[in-house]
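Please take a moment to look over the structure below before reading on. The paragraphs that follow lead through it part by part.

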Amino acid sequence: MINLTIDNKPVQVEEGTTILKAARQAGINIPTLCYFELNGMKFENKPGGCRVCVVEVKGRKNLAPACATDCMEGMEVFTHSARVINARKTVVELILSDHPNDCLQCEKNGDCELQALAKRLGIKEIPFKGAQSTYRKDATLSVERDMDKCVMCRRCETMCNKFQSVGALSGVNRGFQAVVAPAFEQNLGDSSCVNCGQCVQVCPVGALTLVDNIGDVMKAIADPTKKVVVQTAPAVRVALGEEFGMQPGEIVTGKMAAALRRLGFDYVFDTDWSADLTIMEEGTELLGRVKSFLAGDKNVKLPLFTSCCPGWVTFYEKNFPDLLDYPSTAKSPQQMFGAVAKNYFAQKIGVKREDLVVVSIMPCLAKKSECARDEFKVNGDPDVNFSLTTRELAHMIKQCNLDLNDMPEEDFDSPLGQSTGAAVIFGATGGVMEAAVRTAYEIYCGKPLPKIDLEAVRGIYGDSVRTATVDFNGLAVKVAICYGLSNARKLMEEVRNGNPNGYHFIEVMACPGGCIGGAGQPYHHGHSDIIQKRMEATYREDAGKPIRKSHENPDIIAIYKEYYGEPCGHLSHEQLHTHYFDKSDKIEATK
Amino acid sequence: MAGQINNVGLIEVPMGITLREIIYEIGGGIKGGRQFKAVQTGGPSGGCLTAKHLDTAIDYDSLVAAGSMMGSGGMVVMDETSCMPAIAKFYLEFTCEESCGKCSPCRIGNKRLCEMLEKITDGRGTMEDLQELRNLAAVIKDTALCGLGQTSPNPVLSTLDNFWDEYVEHVVDKKCRAGVCKKLMRYEIDREKCIGCGKCAKGCPAEAITRTDYTAPGHKLASMVIDSEKCLKCGACIGGCKFGAISVK
Amino acid sequence: MANIKLSEDKIKTVKEIAASFGNRPGEVINVLHQVQGKFGYLPAEIQEVVAHELNIPVSRVYGIVSFYSFFTMEPKGEHPIDVCLGTACYVRGAEKVLDAFKRELNVEVGKCTPDGKFSLNTLRCVGACGLAPVAMIGDKVYGRLTPDMVRDIVAEYK
């Protein structure tokens, strides 16, 4: 242990602890800007670049960055001497002098860490006037980039490269022109970007933001010729409350349904319903492949990968074109819902598919790009017209003079509203796997699963890749799950090298902790405990459900009876399954 | 050893030798018999020392004590034709080019220092700017991540310390005594001396020189005049005038 | 993502250079050095191939190319002109010499003349402070320059 004093307060810490962490331990909260950590989730951005956290260390010539300086025995640290305060303010003034400061029109207004810092330090004016660095603005269908606002914290770059191994963003140029950008400062959409949006989730300012589709949805609601249907993803209900001052992990399913109805949606449905449908299709597909494998089919593609996460889907299309046959062909719950709504439901209520507008509320930015994919359109009409994030929904509720706190508890509409606990846990890492096992086991073994909770694949902390072996009547089914695309990359490479661990089924979610840590969720500002609380709520909701297995959902049983026939049957192949494309870089030799 | 000195080149000297010995004995004194003004030691991160430091013995500690450093061991001698705020700006331009951009004090701070120095050498500076210049330079030294940023303000701080009057002249009197800061210069034609040959107008790249109505006594042609708005202060006219009619103020 | 088209020979050259460094990601700077030595500059397509060969994101390659002033994405002229703006040259009037080159060639710093003959750049010290101010054309050093010498020097290469 190391003993030191911080602001004359004795502190004892373990060797290798930074001054920043030691100070936090002592209840002294040194401000930071570039530093970003998802504690326990193997993500840390510590470039030591912003110099906001500088402190005075007795005997040291210059000020020390608290985030990047380890504590030493006998150290005397001062975090608010006149010298420190002057330097810290000057540094923030410098950063503001190269910032547009258009806070009132900024997407991040109220959520901006630079704004909060300026307020905390009491910055009243910016004494430095001069040139501002400007860059070309750019957007994909999910992410907007306005690098004029970039403060070079490089969180996005670390997220994109270290956590996701996507490699779309890099620090480019030098000096005053330095910025984070794709190669050749090309459009993000032309890069290796998969639209996971985690760069947006970690950006402290408004340099990286979501593409806002609230206006499109408002217009559809106002159009008397349209019927507007809304579906809400599992992870939204355990996070939306945060935007209304509720504690993280508060479950707002009923209040959310009530609010959506008051916003003017004609039918308030649930993506959880189509998550149950996904399990029927994907579980059946898994069993089909396993049975073929056991029957001696050498060409069968195992492991089966989940395909619910659109960031992950784009990732393997861009990086593993040789393994396109491995992922499940089952559409994601968002797209299954869209297909059912536009085909089955539109017909049922006697509305032309073009006059039915399907809106999804997702914890995700990649869903905005997913619903725009050509293969999810019929004659140009998308199955899902618009995808809003949890943050956009909160915004919309506020715009419409509503407060979630005041909403009554209401139910979803029928028939695309009833769901099981298996669907609820789609929102957390490992959840799709657990849900699939609950159903696949019972179909394969023909008897109830002895233990419904698959604890081995639960949790956001700990091993990067979790594995479990489930005994299917003597058949050892090996499963693996991970979040973060860099972990997925390792698993894909393993599969490329012959699947030495013999996995049958692998679940991948791009975002930290799965969809509950998605880029469309309320900003967690690096507090992984918020994601943990959302996860706990997810499993609470599951445990409280009367039905916890997808194949027992009466509305799912009904739609197979009435419409689809059987899982992986002819009609479901047509409507509920998809295929993947080689989107990798090609180098073509010319003469 | 380089700069406005008679003997330039690589020299090897013992520690403890004075600046005066190097400049006047080995270096053979200032070029053209002009006045010594400053010596910059230690490369772009060093500082500018002045006549009062000439008897400083050269070693690591005393150079630092005087506000400069040994650094690369380079020495650039300057005479009265060098403008110290302009020299500070020159060094800051170098730092801005070399800044990697990782830390904010160096990336933005040095750019701001450079812009403030530009304001001063353009004659737009204020006394408040001089105060702000000093504070910012000190904060950059105190907070920058690497050696570049931690030393880049040295030329600013040392010239502020040693050539304060020259900064004040730029800010208050809008004058550059070295005649380096173009924006503070005015080219003028003495209409009594001008014979009206028009050579200056032909050579002017900005077409800033025109003929007046005034013919000086004893001359046949009307004199020329410079439009200071258009004038680029390139000096082409002065070089071409055989009659010494053009001067810089 | 991109569809890169590049001539067979160029791809082969880049592959050979990358292979000579064992296709190790850590050698990216050395690889870029040699590739630029071969082609004179590093256009986007070439960077894509380098990234592909070293199995690193092209954004990282571009990050390096755009960071180091040695690397360039602009083709250099047949006769690259570098005017030294080091301290010793600066105090002896290097800026006026640079202006003279700009006027004579009608070209901005960092650019190439339309006929591809000359490109103009600045650098900080070529280690010939005794000859200040100095410029280099190709590998030839010109010292003790004054602005009026520039026209004759350029004429040597026309």
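**Domains, chains and a helix pair**

Taken over C-alpha atoms, the centres of domain 2 of chain A and domain 4 of chain A are separated by 29 Å, the domain bounds coming from an automatic or database domain assignment. This is a predicted model, in which local features need pLDDT of at least 70 and side-chain atom pairs count only at pLDDT 80 or more, whereas totals for chains, interfaces and linings use all residues. Residues are numbered from 1 along each chain as its sequence is written, while chains are lettered from A and ligands numbered from 1 in the order in which they are written.

The contact between these two domains takes 14 residues from domain 2 of chain A and 13 residues from domain 4 of chain A, where two residues are in contact if their C-beta atoms, placed from the backbone, lie within 7 Å. On the side of domain 2, the elements that give two or more residues are helix 4 (155-163) and helix 5 (198-202) of chain A; helices (H or I, at least four residues) and strands (E, at least two) are DSSP runs, numbered from the N terminus. Helix 5 of chain A gives the most to that side, with 3 residues.

Turning to chain B, its secondary structure comes to 10 helices and 8 strands, and its C-alpha trace spans about 65 × 45 × 30 Å along its principal axes. Chain B averages a pLDDT (the predictor's confidence in each residue, from 0 to 100) of 91, and 100% of its residues score at least 70.

Within chain B, the axes of helix 3 (residues 84-98) and helix 7 (residues 154-162) come within 9 Å and cross at roughly 170°, the axes being lines fitted to C-alpha atoms, for helices over the stretch in contact, and the angles running from 0 to 180 degrees between N-to-C directions. Helix 3 of chain B is therefore roughly antiparallel to helix 7 of chain B, a term that applies to angles over 145 degrees. In this pairing, B:M84, B:P85, B:I87, B:A88, B:Y91 and B:L92 of helix 3 meet B:P155, B:V156 and B:T159 of helix 7, and the residues of the contact divide into 8 nonpolar, 1 polar and no charged.

Note on methods:
Parallel < 35°, antiparallel > 145°, perpendicular 65-115°, else oblique. Nonpolar A, V, L, I, M, F, W, Y, C, P; charged D, E, K, R; others polar.
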